[in-house]
Amino acid sequence: MQFCFLPCFIFAHLSGIIHFVRIPGKETIVTIVRYFIGLTLLALLVWRLGWGNLTSAFQQANLFYIPGLIAIFVVVLLLNGIALYILLLPVIPTITCRESIIYYLYAWTIGCFLPSNIGQFSIVYFWHKRGLPTGSGLAIALLNKLGSLLWVAVLGISGVFLFLPARQAMSSVLIFIGLCILFVFFLVARPGRAFIRFIFKRFAGWFPGFYSSIDQYFVAHRRSLLTSYLVVLCVWLVMGLN
């Protein structure tokens with residue numbers, strides 16, 4: 001299975017990093033640098049996976065499924081970019097769907113090199129270049145993650161009750177629901193917001209408009225929020241095809 005996703009993984013890294021690099025100078029130098037970075041990343045991937053593991057996986061893999069897996073992988077990336085595009089439209093009306101998808105690919109690529117996909121929040125930087133305040137960008141990124149969390153909760157709870165005994169399932173569900181409530185508490189409730197402001201008061205100036213942007217999406221832009229969450233649901237349903 002890992003081998004089947006290797007072509008997609010390499011393609012996403014090369015496309016994201018190659019477009020990300022912008023070096024002033026002659027076009028030939030820029031092209032050489034881009035290819036050098038791409039080949040270096042490819043060599044790093046092969047080194048980390050191990051050539052023996054790659055050849056063994058190639059021999060054991062059913063090549064019939066590779067086109068389908070690649071298609072699913074690409075569709076998931078596109079849907080994630082579209083979900084963010086829907087969230088961005090109320091605050092960046094001039095942004096295109098293509099731009100949103102490209103920004104997501106940049107951030108996804110960076111996230112693959114950092115633990116817990118924290119690098120995906122680098123997308124806030126690209127939105128900032130389009131004129132979106134950092135606080136508003138961070139709010140949109142977290143709202144997008146909240147949508148994934150909600151659907152994972154719904155699908156996870158359904159699966160837990162299907163495959164685990166009722167008592168064990170209930171304890172797992174309560175823990176998961178508690179974590180979701182805690183996340184929403186710090187994101188929406190006034191006491192939670194006050195606590196976050198107190199903890200990060202030294203950095204408050206870095207993220208102007210964070211909570212006001214969240215309030216706007218729950219009131220003025222709730223239709224965009226709900227539509228985006230429906231697209232996120234489609235992401236998880238497509239991922240379930242794996």
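Among contacts in the chain (heavy atoms within 4.5 Å) between residues at least 6 apart in sequence, 65% join residues at least 24 apart. The structure is a predicted model, in which local features need pLDDT of at least 70 and side-chain atom pairs count only at pLDDT 80 or more, while totals for chains, interfaces and linings use all residues. Residues are numbered from 1 along each chain as its sequence is written, and side-chain values use heavy atoms, with hydrogens and water left out. The chain holds eleven helices and zero strands, where helices (H or I, at least four residues) and strands (E, at least two) are DSSP runs numbered from the N terminus; the order of elements from that terminus is α-α-α-α-α-α-α-α-α-α-α. Of the 242 residues, 35% count as buried, a class defined by under 20% relative accessible area, with exposed meaning over 50% and partly exposed lying in between (1.4 Å probe, protein chains only). The accessible area of the chain, from the Shrake-Rupley method with a 1.4 Å probe and, for residues, with only the protein chains shown as cover, is about 14800 Å², of which carbon and sulfur atoms supply 72%.

The interior was examined through nonpolar cores, each a set of buried Ala, Val, Leu, Ile, Met, Phe, Trp, Tyr and Cys residues joined through side-chain atoms within 4.5 Å. The largest nonpolar core has 31 residues, and those with the most contacts inside it are Ile123 and Trp127. Two or more residues of this core come from each of H4, H5, H6, H7, H10 and helix H11 (222–239). Leaving aside neighbours within four places in sequence, Trp127 is in contact with Leu84, Leu88, Ile92, Tyr103, Leu132, Gly137, Ile140 and Ala141. Ser228 lies in helix H11 and, at 0% relative accessibility, counts as buried.

Aromatic pairs were assigned where ring centres of Phe, Tyr and Trp (its six-membered ring) lie within 6.5 Å, planes under 30 degrees apart counting as stacked, over 60 as edge-to-face and the rest as tilted. A search of the whole structure finds eight such pairs. One of them joins Phe73 and Trp108, whose ring centres are 5.7 Å apart and whose planes stand at 75°, so that the pair is edge-to-face. This pair links distant parts of the chain, with Phe73 in helix H4 (residues 66–88) and Trp108 in helix H5, 35 residues apart. Phe73 and Trp108 are both buried. The rings of Phe210 and Tyr211, with centres 4.8 Å apart and planes at 70°, are likewise edge-to-face, and both of these residues are buried.

With a salt bridge taken as a side-chain nitrogen of Lys or Arg within 4 Å of a carboxyl oxygen of Asp or Glu, the count comes to one. The salt bridge is formed by Glu99 and Arg130, the closest N and O atoms being 3.1 Å apart. The two residues belong to distant parts of the chain, Glu99 being in helix H5 (residues 97–111) and Arg130 in the loop between helix H6 (123–129) and helix H7 (134–163), 31 residues apart. Arg130 counts as partly exposed, at 24% relative accessibility.

Helix H7 also contains Ser136, which is buried with a relative accessible area of 10%. Leaving aside neighbours within four places in sequence, Ser136 is in contact with Pro208, Gly209 and Ser213. Val160 is found in helix H7 as well, and under the corresponding exclusion Val160 is in contact with Ala169 and Val173. Val160 and Ser172, twelve residues apart in sequence, are 7.9 Å apart in space, C-alpha to C-alpha.

At the surface, Phe195, Phe198, Ile199, Phe200, Phe203, Trp206 and Phe207 form a nonpolar patch with about 740 Å² of accessible area together. Patches are made of residues with over 30% relative accessible area and no salt bridge, like charges being joined within 9 Å and nonpolar side chains (Val, Leu, Ile, Met, Phe, Trp, Tyr) within 5 Å. Phe203 is placed in the loop between helix H9 (190–199) and helix H10 (210–219) and is partly exposed, with a relative accessible area of 34%.
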